[in-house]
Amino acid sequence: MHVETYLSRIGFAGPAEPRLEVLRSVHTRHLMSVPFENLTVHSGGRIQLALPLLYAKIVDQRRGGFCCENNGLFSWLLSELGFQVTLLSGQVKGATTGCYGPPFDHLVLMVSLGGQRWLCDVGFGTAGFSVPLSLETSGPQEQGQRVYRVRREDTGMHFLEWQQEDNRGADGDWTGIYKFTLEPRCLEDFDEMCWYHQSSPCSIFFCKSLCTVLKPGGRLTYIGHRLSSTAFLSESTGLVLKTTTRELKDEEIPGILAEGFGVVLNSPLIPKDEAVTPPPVMY
């Protein structure tokens, strides 16, 4: 781990001390510099959860990764900076089934700092939050036009929820993103699910080639043969979310990945955008 090289990779400058403002800054800079992507799966490779391999891919090769990769490596950086980090197992709520995935479906981080606990996640897609969320409250936490909350049940299960691209306060309509417990995990615990996401027709990562990154005021997303850009634009009625989408030809995709995401693949990409098969077991 070359800390300064990693910090340069995400565009962070300044004293890197274990303070809340540093945690917030490196979290946001990571999301805006390191894409959430699964292109290794669709270009003849296999993802392995070994920290030196993740560092070489994300820092040296300037690639991105999915949750286990981005959050796994980010946890190493935070530890090197002096933060107390705990790996947690999350279960993502399916958009079509309305049910949650299996344990170890998602890797998420908890940082303990000054007697406070913070949820960190630089390995999620469109619904992801940009700065760490407090685990000390179940109330709404606003981030720009969005609002999130972490609801806790008596069983010890925590539920990350949002109001999508809306904010109607505590009484608004809340939608689940994923659930998790605070039981400490290690990176090796996610090996089986990491392979599942690379090989199962029940996983979006197997069925679709995708790459998405946070941009100032919006997000850029590639899936299959489509490129979508979302941004909040000022109008007379206030900020309005605008989405533009265009179809891509095969020969356009490498240039789009390089220009829009900073991703250059070593092997040819096979674009994919197939329907995800509902899993046989629901949670």
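Begin with helix H3, which gives the second largest pocket the largest share of its lining, four residues. Keep in mind as you look around that this is a predicted model.

**Stop 1: the pocket**

The second largest pocket has a volume of about 310 Å³. Show the side chains of Thr40, Arg46, Lys57, Gln61 and Arg63: of the 17 lining residues, these are the closest to the pocket's centre.

**Stop 2**

Now select arginine 62, in the loop between helix H3 (51-60) and helix H4 (67-80). Most residues other than glycine have a negative phi. Arginine 62 is partly exposed, with a relative accessible area of 43%.

**Stop 3: the open sheet**

Colour the strands next. Eight of them form an open sheet with antiparallel pairing, in the order E5-E4-E3-E2-E9-E8-E7-E6. Which strands are at the edges? They are strand E5 (133-134) and strand E6 (141-143), each of which pairs on one side only.

Strand E4 (residues 116-120) pairs with E5 in the antiparallel sense, over two bridges. Select leucine 119 and you can find its bridge partner in E5, leucine 133.

Helix H2 (residues 20-33) lies across strand E3 (106-113) and E4, and runs at about 5 degrees to E4.

**Stop 4: another positive phi**

Stay with the strands and pick glutamine 164, found in the loop between strand E8 (158-162) and strand E9 (175-180). Glutamine 164 is not a glycine, yet its phi is positive, at about 55 degrees.

**Stop 5: strands E1, E10 and E11**

Move on to strand E10 (residues 210-215), which is mostly covered: five of its six residues are buried. Two bridges join E10 to strand E1 (residues 36-37), and the two run antiparallel. E10 also pairs with strand E11 (residues 218-223) in the antiparallel sense, this time over six bridges.

Then follow the chain to the turn. The hairpin of E10 and E11 has two residues between the strands, and there glycine 217 takes a positive phi near 80 degrees.

**Stop 6: helix H7**

Finish at helix H7 (residues 253-261). Select Ile253, Ile256, Leu257, Gly260 and Phe261, the buried residues of this helix. Why do these residues lie on the same side of H7? They cover an arc of only 100 degrees around the axis, so they share one side of H7. Turn the view to the other side of H7, where Pro254 and Glu259 are exposed.

Key: Residues numbered from 1 in each chain as written. Predicted model: local features only at pLDDT ≥ 70, side-chain atom pairs only at ≥ 80, totals over all residues. Heavy atoms only, no water. Buried < 20%, exposed > 50% of the residue type's maximum accessible area, 1.4 Å probe, protein only. Arc of directions from axis to C-beta. Pairing = 2+ DSSP bridges. Contact = heavy atoms within 4.5 Å. Axes fitted to C-alpha atoms, helices over the stretch in contact; angles between N-to-C directions. 1 Å grid on protein atoms, 1.4 Å probe; cavity = no way out; pocket = protein on both sides within 12 Å on 5 of 7 lines; lining within 4 Å. Points joined across faces, edges and corners; volume = space filled by probe spheres on them.
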